[in-house]
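Q: I have a structure open that I have never looked at before, and I would like someone to walk me through it. Could we take it piece by piece?

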Amino acid sequence: MESIEIGLWVTGGLLLLVVTGMRVAFAAALAGLVGLIWIFWAKFGYDPNRFGKALTVAVKTAGQVPHSKVASHTLSLIPTFILIGYLAYYAGLTRALFEAAKRWIAWVPGGLAVSTVFATAGFAAVSGASVATSAVFARIAIPEMLSAGYNKRFAAGVVAAGGTLASLIPPSAILVIYAIIVEQDVGKLLLAGFIPGAFSAVVYGMLIVGIAVVFKSVGPPVTGFTWKQRFAALPGAIPIVAVILIIICFVYNPFGDKAWGTPTEGGAIGAFIVFCFALFHGMRWAEFKSALLETAKLTAMIFSIIWGVLIYVRFLGFADLPGAFSDWITSLEMSPMLILICILLAYAVLGMFMDAIGMLLLTLPVVYPAVMALNGGEAVSAADSAFGMSGPMCAIWFGILVVKMAEFCLITPPIGLNCFVVAGVRPDLSVQDVFRGVTPFFIADGVTIALLVAFPGIVLYLPSLAG
């Protein structure tokens, strides 16, 4: 049997394991190990006496992957970004953000819901975990909306959809993982996430206002705040602004000089600033311990997925499946843009059955080379490319698109994780209620993705300034 055939059989087995409920980390590691054994034994001609040798080589090959690939300075971004989010929660920044947004925006139709979206966007700028964002605002925003007379399904849908913004707005753990997998500049990818993330929040806000205007009982406006009360709420958002500016300056210095440092250093300093603010606002040892433990748990989960999937990726390299898939994609008699759209639609379907990080880790080693080949290769110039952008810029653009698709998958049934989190935090809401409430946001995400595809400049403007 040819190595590519082995790759297809093992990949099929992996998808079967995932669909039947096995965790992505364990399914990928098991499939990768079995695939490596199969590949090496095939090279030995399936000699029964040499099966032990094939097993030994496969185990050694798989065993080297976790340390060699994860012992990366870049990956230290992930725990620092996650820690910022949990410290911000214990510092009371989430409540302060929501209160400021409410006082300034709640007067428009659906104003509390729009305030929730912009507050989640602000919290996303110091977090990076969509699940945590949804859980936090399910406790803060939903009670406020229900007391103001909002439809409970609509309120739940707003929180679940708003939580997805943490996947795109830096600091984003998923963007860091994408950069590591495809070996691209982390700083430029983080920079590229700002405008699309803010754009997504604006589209959500416009959708909410439109729904509230048409269905007046869904989200009534809230009035009565004086200008003094509005300005009094702004200081609570200062730490958020400070962290955003620090991350920008450590990725790309807007003042025209060299960046102040690396994104990792920016994340560490951002965490320290939020930590000091949390202490100032009375954070105690128990809360600090909880923040550290939650950070450690989420980091361990993400790293476990990375370890398992990288073993599978090592097998893919031996099977040469990425190269074969790229050759097949480029041989299709279809326009590159149509093929790209089909790939994005495939992500939408796959995301119904897998979590975002696992989905990207499993697919990118095969899909990314194919997309780059469609554009003309890693080193292609903008003038000679299919999508009108150079190879490095295409990598950034495609990264934002797939991360936006990962956001979309966080609210699609039956595995939409954010919807389960909101339902878990609010016992008065069923998962079905949340899925129904989040349905209008499918339209908003579809519009956003279409505009990002049609107008790449939305994504590439800031990275182009960084050179």
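The chat below goes through a few parts of this structure in turn.

Q: Before we start, what kind of model is this?
A: This is a predicted model, so please read everything that follows with that in mind.

Q: Okay, let's begin with helix α9. Is it mostly covered or mostly open?
A: Helix α9, which runs over residues 173-182, is mostly covered, with eight of its ten residues buried. The buried ones are Ala173, Ile174, Leu175, Val176, Ile177, Tyr178, Ala179 and Val182.

Q: And what covers those buried residues of α9?
A: The cover includes several other helices, namely α4 (77-90), α10 (186-192), α15 (285-319), α18 (356-375) and α19 (391-409).

Q: How far is Glu183 from Ala395, in sequence and in space?
A: Glu183 and Ala395 are separated by 212 residues along the sequence, while their C-alpha atoms are 9.6 Å apart in space.

Q: And what about Val202 and Met372, how far apart are they?
A: Val202 and Met372 are 170 residues apart in sequence, and from C-alpha to C-alpha the distance is 30 Å. Val202 itself belongs to helix α11, residues 194-214, and is partly exposed, with a relative accessible area of 40%.

Q: Let's go inside. How many residues does the largest nonpolar core have?
A: The largest nonpolar core has 161 residues, and those with the most contacts inside it are Tyr347 and Phe398. As a general background point, nonpolar side chains in soluble globular proteins tend to be buried together.

Q: Which residues does Tyr347 touch, if we skip its neighbours in sequence?
A: Leaving aside residues within four places in sequence, Tyr347 is in contact with Met359, Leu360, Thr363, Leu364, Val367, Phe398, Val402, Met405 and Cys409.

Q: What about Glu407, buried or exposed?
A: Glu407 counts as buried, because its relative accessibility is 0% and the cut-off for buried is under 20%. Glu407 is found in helix α19, and, not counting residues up to four places away in sequence, it touches Thr164, Leu165, Ser167 and Leu168.

Q: Switching to charges, how many salt bridges are there?
A: The count comes to ten salt bridges. In general, side chains of opposite charge can pair when their charged atoms come close.

Q: Can you show me one, say the partner of Glu144, and what does the pair tie together?
A: Glu144 forms a salt bridge with Arg95, and the closest N and O atoms are 3.9 Å apart. Glu144 lies in helix α7 (residues 130-147) and Arg95 in helix α5 (residues 93-105), so this pair ties together parts that are 49 residues apart in sequence. Arg95 is partly exposed, at 42% relative accessibility.

Q: What does Glu99 pair with?
A: Glu99 forms a salt bridge with Lys102, with the closest N and O atoms 3.2 Å apart. Because they are three residues apart in helix α5, Glu99 and Lys102 are separated by about one helical turn, and both of them are buried.

Q: And where is the partner of Lys404?
A: Lys404 forms a salt bridge with Asp445, the closest N and O atoms being 3.0 Å apart. This pair links distant parts of the chain, with Lys404 in helix α19 and Asp445 in helix α22 (residues 440-454), 41 residues apart. Both Lys404 and Asp445 are buried.

Q: How many disulfides does the structure hold?
A: The structure holds zero disulfides. Cys394, for instance, is in no disulfide, and the nearest cysteine sulfur, that of Cys342, is 16 Å away. Cys394 counts as buried, at 0% relative accessibility, whereas Cys276 is partly exposed, with a relative accessible area of 34%.

Methods
Residues numbered from 1 in each chain as written. Predicted model: local features only at pLDDT ≥ 70, side-chain atom pairs only at ≥ 80, totals over all residues. Heavy atoms only, no water. Buried < 20%, exposed > 50% of the residue type's maximum accessible area, 1.4 Å probe, protein only. Helix = DSSP H or I, 4+ residues; strand = E, 2+ residues; numbered from the N terminus. Contact = heavy atoms within 4.5 Å. Core = buried A, V, L, I, M, F, W, Y, C linked by side-chain atoms within 4.5 Å. Disulfide = S-S within 2.5 Å. Salt bridge = Lys/Arg side-chain N within 4 Å of Asp/Glu carboxyl O.
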